[in-house]
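Here's a quick briefing on the chain below. Have a look at the model first, then read on for its aromatic rings and overall layout.

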Amino acid sequence: MPRPVAILFICGLLSAAAANSAPRQGVDAPEKAAGNPDKVVCKRFVRVGSLVDGYRTCKTKKEWER
């Protein structure tokens, strides 16, 4: 009976590892949306080494593209 449990456990670990290794899309992608280049866009960033502390940066679309 322990053998099927071990197989299920290993399959669960492999599927979790595959889900975590998938590339994240859209992270820090340049803003290339059409529209007013003077529109202000704010983005939130998490400080390195912290799970809660972060900061917000607001720039125009033109500045984000640069």
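There are two aromatic pairs in this predicted model. One of them brings together Phe-45 and Trp-64: the ring centres are 6.4 Å apart and the planes meet at 40°, so this pair counts as tilted. It ties together distant parts of the chain, since Phe-45 belongs to strand 1 (residues 40-46) and Trp-64 to helix 2 (residues 61-65), 19 residues apart.

**The ring cluster**
- Through ring pairs, Phe-45, Tyr-55 and Trp-64 join up as a cluster.
- Trp-64 counts as buried because its relative accessibility is 16%, and the cut-off for buried is under 20%.
- Phe-45, with a relative accessible area of 21%, comes out as partly exposed.

**Charges over Trp-64**
- Lys-43 sits over the face of Trp-64, 4.3 Å from the ring centre.
- Lys-59 also puts its charged end over the ring of Trp-64, at 4.9 Å from the centre.

**The chain as a whole**
- You'll find two helices and two strands here, and the order from the N terminus is α-β-β-α.
- The chain exposes about 6,000 Å², with 60% of that supplied by carbon and sulfur atoms.
- As for contacts with a separation of 6 or more, 21% are between residues 24 or more positions apart.

Terms used: Residues are numbered from 1 along each chain as its sequence is written. This is a predicted model: local features need pLDDT of at least 70, side-chain atom pairs count only at pLDDT 80 or more; totals for chains, interfaces and linings use all residues. Side-chain values use heavy atoms; hydrogens and water are left out. Helices (H or I, at least four residues) and strands (E, at least two) are DSSP runs, numbered from the N terminus. Contact means heavy atoms within 4.5 Å. Accessible areas come from the Shrake-Rupley method with a 1.4 Å probe; for residues, only the protein chains shown count as cover. Rings of Phe, Tyr and Trp (its six-membered ring) pair if their centres lie within 6.5 Å; planes under 30 degrees apart count as stacked, over 60 as edge-to-face and the rest as tilted. Buried means under 20% relative accessible area, exposed over 50%, partly exposed in between (1.4 Å probe, protein chains only). A charge sits over a ring if NZ of Lys or CZ of Arg is within 6 Å of the ring centre and within 35 degrees of the ring normal.
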